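Please find below my notes on the model you sent.

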Amino acid sequence: GSGGSKSSGSKPSDNLQVIPERSISGKSGEIITVPIPSGVNGNTYVPHYYSSTGLLVPVPFSIWKDDQLTFLSPENNTYYFIETNFTFNDVTTDYWAADNIAFCAARGLFCGVGDGKFAPMDSMTRAMFVTVLWRLAGSPPTATDSSFQDVSEKDWYTKSVAWGSANNIIKGYGNDLFGPNDDITREQMCVILLRYLQYAGYELDTVSTIPPFTDSEIVSQWALESVTYCQQARLVGGKGDGIFDPLANSTRAEICAVFHRLISSILGG
């Protein structure tokens, strides 16, 4: 998973207690809002459903607001509400991204890296980033291979890269190379995010009055439109003094924050 290996820690469906009374039927594409029980952490109270193969699957498109849980039903099914609190021994409760990390882990977007660790300061590779997006899309099957020379049929990220390639979410470097193990840069992240939004048909609210980043002249031309969109949609912010730092790498913690904002924006949070 996103830890960089197949065995990247426990998945949200491990050791969950399903409470039948906390369930609701939903139709595909329906937006559903339910109250959150008192004393429950809304960030990690997530709807789950049983897939056709009997797996318990979390719904990533779910947000907590005003003691209510709003979620997008991915299919006609029964949804069970489960509080999934992961604790990572390298993420303290006062860490700036603790809520973002708990949010993404509970929704099955990120796994730990083993030994009870999340590695919040580790950078994300391009393969890891596409894998998180693939999970957000519901881990859809794809019939084609990715056609990239540097992605084999047996890599842990093969399916997600093939999906991203088939849907024009990722295009690689040219010469049939994707660079799966390269750290993703901040401007690459924005380009891939905008392509994902276009693929999924989501329009986010944007604020055109936000001043451009002070270093926008060093953003690559092919990325400038995407960086501007992600800034105006408030998915990404500057690093102080209005600097975007387009060629810097993003950490796992930073990308959890981006996905938390993305899901909240799509669901009107």
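Predicted model: local features only at pLDDT ≥ 70, side-chain atom pairs only at ≥ 80, totals over all residues.

1. Residues are numbered from 1 along each chain as its sequence is written, and side-chain values use heavy atoms, with hydrogens and water left out.

2. The protein chain has 6 helices and 7 strands, in the order β-β-β-β-β-β-β-α-α-α-α-α-α along the sequence. Helices (H or I, at least four residues) and strands (E, at least two) are DSSP runs, numbered from the N terminus. The radius of gyration is 18 Å, close to the 18 Å of the globule rule for 269 residues, so the chain is as compact as a globular protein of that length. Here the radius is taken over C-alpha atoms, and the rule is 2.2 Å times the number of residues to the power 0.38.

3. Of the 269 residues, 49% are buried, that is, under 20% relative accessible area (1.4 Å probe, protein chains only). Among contacts (heavy atoms within 4.5 Å) with a separation of 6 or more, 77% join residues 24 or more positions apart.

4. Helix H2 (residues 126–136) has 11 of its 11 residues buried, so H2 is largely enclosed by the rest of the structure. Among them are Arg 126, Trp 134 and Arg 135. The buried residues of H2 pack against helix H3 (158–166), helix H4 (186–200) and helix H6 (252–266). Just after H2, Gly 138 has a positive phi of about 95 degrees.

Definitions and conventions
Buried < 20%, exposed > 50% of the residue type's maximum accessible area, 1.4 Å probe, protein only.
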